[in-house]
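Please keep the sequence and the 3D view at hand while reading.

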Amino acid sequence: MSDGVNTLSSFMLATQLNPLVEDERLSARCVCQVNRFIVNSLKDGRRVVILMDVNVLQTANEVGGLIGNPQPYNEGQGQQRPAAPATNPAPSKPQQQNGNLSGAGPAAPKYHAPSNQFGKASAPSAVKTPGGSQAKVVPIASLNPYQSKWTICARVTQKGQIRTWSNSRGEGKLFSIELVDESGEIRATAFNDQADKFFPLIELNKVYYFTKGNLKTANKQYTAVKNDYEITFTNETSVVPCDDAQHLPSVQFDFVSISDLENTPKDSIVDVIGICKSYEDVTKITVKANNREVSKRNVHLMDTSGKLVTATLWGNEAEQFDGSRQPVIAIKGARVSDFGGRSLSVLSSSTVVINPDSPEAFKLRGWFDSEGQLLECASISDVRGGPAAGANTNWKTLFEAKSENLGQGDKADYFSCVGTIVHLRKENCMYQACPSQDCNKKVIDQQNGLYRCEKCDREFPNFKYRMMLLVTIADCLEYQWVTCFQESAEFILGQSAAFLGELKEKNEQAFEEVFQNANFNTYEFRIRVKLETYNDESRIKATAMDVKPVNYREYSKRLIANIRRNAQLG
């Protein structure tokens, strides 16, 4: 860069300024104004100026050529308008300087953008290392693999659990943390002995001085941290608590609107904020890779876009989550999945903050309390092709489901409705099934006291009853035949399949009464619809994925929202 008098080549561009280069606004011979920068001294004594905020005043075409006859700047020669401070020590606090400078160099390596925390007091500029020597504190944004001795003062905004691995090269353990200061953020990982050493010492949201460590190119597949590099702790790494750094920012978010997730590529790592509209109970699943059982909970988030997405919590976060008060949830580093439309998975490296102290959270809470809770939000997680979202999403009347041709596409569609049972077909509603735990195939009575399962290729002395109940449900506009399998059918009839099978054999009248009592009851149905062809005849088949009692409070809210929307249309 040149100010018309001198030139200096040691400039780097922060990540948030990359669009200036990509859009060709910042190019050789253009005139720009440097509003904010950080000066950092390298090991060999050279100084690097990291540009944090730049405005392009005139493009290269408008300037037309070199301004003045600038000479290379040499520190200590006392020029009148140096491009960077020469005699004063490099400050650790970001400073501001205004001036007209012209860019005349290639684009520099990418660095993470700063937060809006500039102007607040900085941490002490030096810290004593365990060896007793003074170490200068540098900003995270200035770290690069060409530095061997450095110290940063940073807050721990995420701390993962210790994980183990085993492969052909051996076994080991690791844990990762995410660090943030005024200039940016970075990920750090400790392996084996360092993991044992630092894991009990480092606490979430505390501030520490971190000295020495290997810097390498970050693997973007496993982290959403916006830094091109990451730190690996070594035997020389030291971590010292810092008690005088309350000014440092906490977790830095780059929120994506839930509606924008529909066009976000699969496996992208994103930050999302939303109101917990509803949540599901904790379930247990077994991970095939290591046959380990883990806890899982689906949480359904909505924002001001009126869209709703399913986010999956795992492990302790799933077990300890309480969504009863519909909190604001901010998730940093969630992975986008295309299972059932678009959904989110919270990773071990993700950070989940409940009711964060931020303007975005306050704005979202105010919107939800005043109007958002009455909206009938549309889910992006289950509209096309998946039952991922909760049972109170994508609400339709039966008429809407038919008029929108749900189920006519290549994939099945899912919707929820409130319906009343007006008919139950008790004929052939039960069948004798294989007693094996993982098999529900119909068995063949061998007429010799044994029952044969063709799938298992075995004969059994007994069987179990399974249900496949066909019911007609209706709302105020339309009706629909729905197939209800075991759990749904047992819920509607209020009896287990085993009891009903025994009742049918011993007391036909009592069996009939069970079906009569089940008529004209109203439930919330979660329905899967898909076009199926049988005997050259195509028709929509509807299957009940879930049946539960009506939540009349939520149902009333949806009705009020519909009334308001229709009143506005009128």
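The points below cover aromatic pairs, charges over rings and salt bridges. The model is predicted. It holds 12 aromatic pairs and 21 salt bridges.

**Aromatic pairs**

- Y279 and F321 form an edge-to-face pair, because their ring planes stand at 80°, where an angle over 60 degrees is required. The centres of these two rings are 5.8 Å apart.
- Y279 is partly exposed at 33% relative accessibility, whereas F321 is buried at 9%.
- F463 and Y465 also make an edge-to-face pair, with 5.2 Å from centre to centre and 90° between the planes.
- F463 has a relative accessible area of 22% and is partly exposed. Y465, at 18%, is buried, since the limit for burial is under 20%.
- F198, Y208, F210 and F233 are joined by ring pairs into a cluster.

**Charges over rings**

- K159 is placed over the face of F199, 4.0 Å from the ring centre.
- R558 is placed over the face of W395, 3.5 Å from the ring centre.

**Salt bridges**

- Side chains of opposite charge can pair when their charged atoms come close.
- R25 and D23 form one of the salt bridges, their closest N and O atoms lying 3.4 Å apart. R25 is partly exposed at 39% relative accessibility, and D23 is partly exposed at 49%.
- K226 bridges to D254, with 3.9 Å between the closest N and O atoms. The two residues are 28 residues apart and link distant parts of the chain: K226 is in the loop between β14 (214-217) and β15 (229-232), and D254 is in the loop between β16 (238-241) and β17.
- K226 is partly exposed at 31% relative accessibility, and D254 is partly exposed at 44%.
- E478 and K402 meet in a salt bridge of 3.6 Å, N to O. E478 sits in the loop between β29 (464-474) and β30 (479-485) and K402 in helix α6 (residues 398-403), so this bridge ties together parts 76 residues apart in sequence.
- E478 is partly exposed at 22% relative accessibility, and K402 is partly exposed at 36%.
- A network of salt bridges links E185, D271 and K332.

Definitions and conventions
Residues numbered from 1 in each chain as written. Predicted model: local features only at pLDDT ≥ 70, side-chain atom pairs only at ≥ 80, totals over all residues. Heavy atoms only, no water. Phe/Tyr/Trp six-rings, centres within 6.5 Å; stacked < 30°, edge-to-face > 60°. Buried < 20%, exposed > 50% of the residue type's maximum accessible area, 1.4 Å probe, protein only. Lys NZ or Arg CZ within 6 Å of the ring centre and 35° of its normal. Salt bridge = Lys/Arg side-chain N within 4 Å of Asp/Glu carboxyl O. Helix = DSSP H or I, 4+ residues; strand = E, 2+ residues; numbered from the N terminus.
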